Amino acid sequence: LLALVLLLLVGCGGPGAAGQRRKEMVLSEKVNQLMEWASKRSVIRMNGDKFRRLVKAPPRNYSVIVMFTALQPHRQCVVCKQADEEYQILANSWRYSSAFTNKIFFAMVDFDEGSDVFQMLNMNSAPTFINFPAKGKPKRGDTYELQVRGFAAEQLARWVADRTDVHIRVIRPPNYAGPLMLGLLLAVIGGLVYLRGSNLDFLYNKTGWAFAALCFVLAMTSGQMWNHIRGPPYAHKNPHTGQVNYIHGSSQAQFVAETHIVLLFNGGVTLGMVLLHEAATSDMDVGKRKIMCIAGIGLVVLFFSWLLSVFRSKYHGYPYRYV
């Protein structure tokens, strides 16, 4: 009888083989379900049940990149909407690429649809990106450093490649704003040339070229190129207190609003210096030159003091101040 039981177990593959087949069936069902959803929508929306079954529960031989967000209008999370746009670009680039496989999926958990997931993960801020690897639990590097890297699709793609070895070539939808603005500018210049005929003296206007160069310099020194590369949020709203921060507290990052503030302060200092120069070199009467001098000194002192305040808030411990 014992020999017969052993033969039956060997013939059926034993309890271990049966358990393995059951795991393979469950895994196959999960992958097929995710592939079906991914074929309809690049970013799979999940609630608590879907998250626990498809992301947290084993077996799993695929990675899932999850964006935890709060997109409902009453949440007033402007950063969430901006990050979602970049996340959609990344997910679409993967979904419609020739290298698309079931090795990685992109998902989203909105707070209003899966608040239990936020509680389970002790998460109190959004947006947050986490990679749930195919094996094991997420490590420290599997949480994306949003404040340092920004949420541009290209930066997210580099992080995904680092965590999953899946390289995604980001393909952005065509943006016709740039060519349209260039065409409009050329049309304006062409119209001016046509109207002015052979009189092209306006092209040799030093004041106009100096003003254009000054605007370009102010834009670049305020950090506009950094914003273009990193794609930082406009500002940060504390989810607990509701306080909005326009200046980033670290010297390694910045907000878009911060660049606008710095541009304004630099412009104020520049205007003050221009007034001082005009007061010293112009042929106006003494009274007007005194007024220009006082106004110039006031602008330089005020805006340079504010500029130093911004610097001190980012470089903690900086000992110097102007006012």
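Modeller: Two residues are in contact when they have heavy atoms within 4.5 Å of each other. Please keep in mind that this is a predicted model.

Colleague: What share of the contacts with a separation of 6 or more is between residues 24 or more positions apart?

Modeller: Such residues account for 66% of those contacts in the protein.

Colleague: And how many helices and strands are there?

Modeller: The protein has twelve helices and six strands. Of its 323 residues, 33% are buried.

Colleague: What about the surface as a whole?

Modeller: The accessible surface comes to about 20200 Å², and carbon and sulfur atoms hold 62% of that area.

Colleague: Let us go inside. Which residues touch the most other members of the largest nonpolar core?

Modeller: They are Y87, L90, F106, F129 and V160, in a core of 29 residues. At least two residues of this core come from each of β2 (63-69), α4 (78-95), β3 (104-110) and α7 (153-164). The element that gives the most is α4, with eight residues.

Colleague: Then tell me about α4. How far does α4 reach from its first C-alpha to its last?

Modeller: Helix α4 has 18 residues and spans 26 Å, close to the 26 Å expected at 1.5 Å a residue. Its buried residues include V79, C80, A83, Y87, L90 and W94. Among the elements that cover the buried residues of α4 are β1 (43-45), β2, β3, β4 and α7.

Colleague: Which residues does Y87 contact, leaving aside its neighbours within four places in sequence?

Modeller: Y87 is then in contact with V43, I65, V66, M67, F106, A107, F129 and L156.

Colleague: What does the second, separate core include?

Modeller: The second core has 22 residues, among them L34, I44, L54 and F132.

Colleague: Now N131. Is N131 buried or exposed?

Modeller: N131 has a relative accessible area of 0%, so this residue is buried. N131 lies in strand β4 (residues 128-132). Beyond its neighbours within four places in sequence, N131 is in contact with S63, V64, I65, P138, D142, W159, R163 and T164.

Colleague: Back to the outside. Which residues form a nonpolar patch on the surface?

Modeller: The patch is formed by F216, V217, M220, M225 and I229, which together have about 460 Å² of accessible area. The largest share, three residues, comes from α9.

Colleague: And why does M225 count as partly exposed?

Modeller: M225, which is in helix α10, has a relative accessibility of 42%.

Colleague: One last residue. Where is Y246?

Modeller: Y246 sits in the loop between β6 (244-245) and α11 (256-281). Y246 is partly exposed, with a relative accessible area of 42%.

Colleague: What separates the C-alpha atoms of Y246 and A235?

Modeller: Those atoms are separated by 5.0 Å, although the two residues are eleven residues apart along the chain. Leaving aside its neighbours within four places in sequence, Y246 is in contact with A235, F255, A257, E258 and I261.

Key: Residues numbered from 1 in each chain as written. Predicted model: local features only at pLDDT ≥ 70, side-chain atom pairs only at ≥ 80, totals over all residues. Heavy atoms only, no water. Helix = DSSP H or I, 4+ residues; strand = E, 2+ residues; numbered from the N terminus. Buried < 20%, exposed > 50% of the residue type's maximum accessible area, 1.4 Å probe, protein only. Areas by Shrake-Rupley, 256 points an atom, 1.4 Å probe, with all protein chains shown as cover. Patch = residues over 30% accessible without salt bridge, like charges linked within 9 Å, V, L, I, M, F, W, Y side chains within 5 Å. Salt bridge = Lys/Arg side-chain N within 4 Å of Asp/Glu carboxyl O. Core = buried A, V, L, I, M, F, W, Y, C linked by side-chain atoms within 4.5 Å. Expected span 1.5 Å × (residues − 1).
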